[in-house]
Amino acid sequence: MRKNLNVIAAYSIMMVLIILVGIFQSWNIALSIFNMCLISAVMTMGANIQWGYAGLINFGIMGYTALGGLAAVIISVDPVQEAWSAGGLNILICLWLIIAIVLIIRFIIKNFQKSKVRTYSIAALIISGIILLRFTAEPGIEAIEDINPAKTGFLGGFGLPIIFSWIVGAFFAGGLAFVVGKVALGLRADYLAIATLLISEIVIAIIKHEDWLTRGVKNVIGLKRPAPYEVDLQSTDWFITLVEKFNSGKLELISNLSDRQTTLNQLVIEGSSVFVKLCYSGLFLIVVIILLILTQKALYSPWGRMMRAIRDNEEAANAMGKNVFKQHLLIFILGSAIVGIAGAMLVTQDGLFTPGSYRPMRYTFLIWVMVIVGGSGNNFGAILGGFAVWFLWIESAPIALFLINFFTVGIPSTNLLKAHLIESVPYFRFLMMGLGLLLIMRYRPKGILPEKIEIK
Amino acid sequence: MDILNALILLLNYIFIPALTYGSQLALGAIFVTLIYGILRFANFATGDMMSFGTMVTILFTWYFQSLGISLGVLPTALIAIPFGILFMIIYMLSIDKFVFKYYRTNKSPPVQLAMVSIGVMFVTQAVVRIIIGPSDQRFFDGEKFIIKAREFKEMTGLNEGLALKSTQVITVLVTVILVSLLFWFLNKTKTGKSMKAYSDNEDLALLSGIDPKKIVMITWIIAGILATIGGALYGLDKSFKPFTYFNNMLPIFAAAIVGGIGNPFGAFLGGYVIAFSEIFLTYAYKKFFMYILPESMEPESLVQLLSTDYKFAVSFSILVIVLLYRPSGIFKGKVL
């Protein structure tokens with residue numbers, strides 16, 4: 001108990017902060033912060049098992065998040081039949097072509113010695129393959145994008161419940177991580193960072209511009225939900241009785257019957273959105289707890305000890321007969337898959353997929369701030385980092401506004417400088433993130449909850 | 001005549017824009033490479049440092065414009081750049097003193113320094129956005145074109161016009177002058193040579209009496225000059241927007257690594273490699289083929305290898321290929 005005191009204290013403070021937001025701002029805001037905190041925690045856990053367990057630096061988090069989101073679209077949207085009949089065949093042929101090209105290249109690499117001829121023939125194969133693909137795909141893509149472009153203009157998906165996409169998102173992200181890992185894992189740490197960052201940009205470019213698959217910047221809206229809709233709740237009897245019971249004390253104070261009815265209606269509307277958010281919180285909490293149990297088990301298993309050995313001394317671990325590259329690849333895939341789950345959860349919660357909103361600042365660097373601040377190598381630290389940093393990210397604008405008003409209290413609001421500062425309040429969040437990161441790196445380089453290895 | 005038309009077309013839409021863009025990238029890439037070679041970390045704050053220098057330049061430009069000072073046909077920003085450089089150097093040296101120095105003296109691993117540079121990136125981005133705002137700023141004045149497309153057509157009687165913007169000429173000229181000065185400094189002066197020695201082997205350099213503090217200071221000063229000029233030229237030619245500058249960090253990194261990181265000359269050429277391949281691969285050659293091919297063979301499609309949406313993806317793919325087949329870059333930089 002005593003040695004876990006700092007963990008308990010840190011989490012209690014976090015919970016109190018969120019409850020304070022609920023009391024002073026609104027429960028709606030508090031719950032949406034809480035939900036985003038949970039999603040951030042999942043992303044941070046993914047990054048943490050790569051960085052904290054294995055010392056692998058992955059700046060491609062944005063790409064895996066977007067792939068998870070794409071999975072949500074592909075799983076949940078109903079298929080667009082006309083589009084399939086118009087261009088589906090071309091797309092399927094292209095898919096087979098890609099598989100064939102990859103298999104041929106694999107065959108060449110396996111069966112021939114490394115030489116200039118081999119390199120050039122592979123390059124020639126790839127280039128001619130791309131040209132061939134373009135000629136097959138072009139008519140199909142044009143046909144698909146021409147079908148009702150305002151509403152669909154893409155292939156659609158499988159029409160399954162969106163919750164399955166959380167698993168599929170993990171597979172998508174893991175698949176990408178397999179390819180990226182094969183290509184980039186041999187590189188030195190900071191090159192790996194740059195390479196993964198650039199590859200994630202390529203992924204985003206593809207998602208943004210392949211309209212036949214993702215609708216691109218036209219966005220996919222109105223995705224299915226795993227939780228009930230507010231409008232339905234507001235007309236359901238059991239929900240209204242529930243709200244009535246919950247607020248009975250407040251309602252009894254109002255004697256006028258019609259006043260009481262309006263108040264009740266107001267409460268039902270508020271309550272419905274809180275209820276929906278609570279449903280999401282429950283689902284997300286289940287994911288976080290399952291992942292936490294699994295990652296904790298992994299951390300203290302022989303495999304976890306081996307990962308730490310590889311992280312702390314690669315050469316020694318290699319000499320002990322551990323396959324460093326294989327283990328790196330494995331953990332790279334696992335971590336990315338977890339990030340993919342988070343990406344799918346994010347799209348599920350928002351109910352829309354906006355490829356234009358994936359930016360490295362928000363989805364890569366912010367997550368890294370969470371990992372570093374929370375404490376790399378410690379799962380509880382990673383989750384706490386996700387909570388604390390996201391909380392600060394959202395609440396920094398009100399905090400900055402308060403501080404500016406506090407320090408310039410004597411200055412009239414017509415003052416140019418003050419007006420300018422108040423106008424640029426949203427950008428103080430970058431300042432706070434940066435300062436937070438720099439201070440933590442300087443004075444507590446292992447994070448708020450540092451990694452602790454128990455030797456049993 | 002048709003061949004001349006085709007050549008002018010390529011010159012106008014590929015060669016001149018790529019040369020300008022390449023020069024802007026090259027300055028940034030030399031900045032990255034110097035920091036990497038001498039201070040030994042990947043500086044993720046590159047793009048935002050450039051936007052900081054540009055911001056100061058813009059503020060001074062506006063000040064001069066309000067005073068009525070101008071250079072006539074040349075943009076006022078040219079007199080503002082030295083002031084921008086001055087502020088940039090002060091900013092960089094103070095960042096080094098308060099942030100990077102601690103990790104350097106502690107001999108932290110490069111990854112940690114890269115992480116710290118992310119913190120600097122956040123702070124710089126915040127400062128720029130708080131001071132000048134996140135929106136587009138134009139600060140160009142003076143004569144916009146040296147040759148206008150229509151005048152060129154009338155002058156030569158060709159179908160294709162050639163437009164030459166003054167910012168393009170300024171960019172290329174300033175880059176050439178600055179880079180030749182830099183290479184002269186690095187290769188001929190004693191300080192420059194000691195910088196190279198420090199970059200090659202730190203311990204040996206220290207043994208032979210090179211003062212590391214001086215080297216680090218001079219590196220930041222040169223970096224400040226490069227960042228400000230590179231950023232200001234980009235802003236003059238296109239426009240200034242903090243987010244674009246942050247994004248430019250990616251092709252700049254690509255240029256530095258493709259050229260061989262730690263090797264300034266490689267970075268210089270890397271900038272052009274990236275710029276030319278981006279524009280070559282995303283240009284629609286339909287008109288070009290219409291000029292050089294007989295009428296019966298004219299292409300129907302746009303003859304575009306990749307859509308312009310993939311402009312960034314091109315440079316990153318080049319980077320990935322280079323990392324796979326020649327990780328030390330085209331011009332042999334540091335070995336990974």
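Student: Which residues touch the most other members of the largest nonpolar core?

Tutor: Keep in mind that this is a predicted model. In the largest nonpolar core, A:Val42 and B:Ala254 touch the most other members. That core has 205 residues. Helix α2 of chain A, residues 27-53, gives the most to this core, with 15 residues.

Now look at B:Ala254. Leaving out residues up to four places away in sequence, B:Ala254 touches A:Leu198, B:Ile274, B:Ser315, B:Phe316, B:Ile318 and B:Leu319. In soluble globular proteins, nonpolar side chains tend to be buried together.

B:Ile274 is one of the buried residues of α11(B). Others there include B:Phe268, B:Leu269, B:Val273 and B:Ile279. A charged residue, B:Glu278, is buried in α11(B) too. Helix α11 of chain B runs over residues 264-282 and has 19 residues. From first C-alpha to last, α11(B) reaches 28 Å, close to the 27 Å expected at 1.5 Å a residue. The buried residues of α11(B) pack against α1 (2-39), α6 (166-188), α10 (242-258) and α13 (311-325) of chain B.

Another contact, A:Leu198, belongs to chain A. That leads to the interface. Here 32 residues of chain A are in contact with 35 residues of chain B. Helices α7 (189-209), α16 (360-374) and α19 (428-443) of chain A each supply at least two residues of the side that touches chain B. The most comes from α7(A), with 13 residues. By class, this side of chain A has 24 nonpolar, 3 polar and 5 charged residues.

Next, a buried glycine. A:Gly271 sits in helix α12 of chain A, residues 257-300. Around A:Gly271 there are 23 other C-beta atoms within 10 Å. A residue counts as buried at 20 or more, so A:Gly271 is buried. A:Gln234 is 37 residues away from A:Gly271 in sequence, with 8.7 Å between their C-alpha atoms.

There is also a second, separate core, of 9 residues. Among them are A:Val80, A:Ala83, A:Ala137 and A:Phe154. A:Ala83 takes us to helix α4 of chain A, where the buried residues are A:Ala83, A:Gly87 and A:Asn90. These buried residues pack against α5 (116-146) of chain A. A kink of about 60° in α4(A) is centred on A:Gly87. Helix α4(A) has 31 residues, 81-111, so at 1.5 Å a residue it should span 45 Å. Its end C-alpha atoms are 43 Å apart, which agrees.

Step back to the domains of chain A. The domain assignment gives domain 1 (2-79 + 156-443) and domain 2 (80-154). Their centres, taken over C-alpha atoms, are separated by 34 Å. Across the boundary, 7 residues of domain 1 are in contact with 10 residues of domain 2. The side of domain 1 that touches domain 2 divides into 3 nonpolar, 2 polar and 2 charged residues.

Finish with a loop residue. B:Lys107 lies in the loop between α3 (77-105) and α4 (110-132) of chain B. Its phi is positive, about 55°, although B:Lys107 is not a glycine. Most residues other than glycine have a negative phi. B:Lys107 has 6 other C-beta atoms within 10 Å, so it is exposed.

Definitions and conventions. Residues numbered from 1 in each chain as written. Chains lettered and ligands numbered in written order. Predicted model: local features only at pLDDT ≥ 70, side-chain atom pairs only at ≥ 80, totals over all residues. Contact = placed C-beta atoms within 7 Å. Helix = DSSP H or I, 4+ residues; strand = E, 2+ residues; numbered from the N terminus. Expected span 1.5 Å × (residues − 1). Bend = angle between axes of the 7 residues up to and from the residue. Buried ≥ 20, exposed ≤ 12 C-beta atoms within 10 Å, placed from the backbone. Domains from an automatic or database assignment. Core = buried A, V, L, I, M, F, W, Y, C linked by C-beta atoms within 7 Å.
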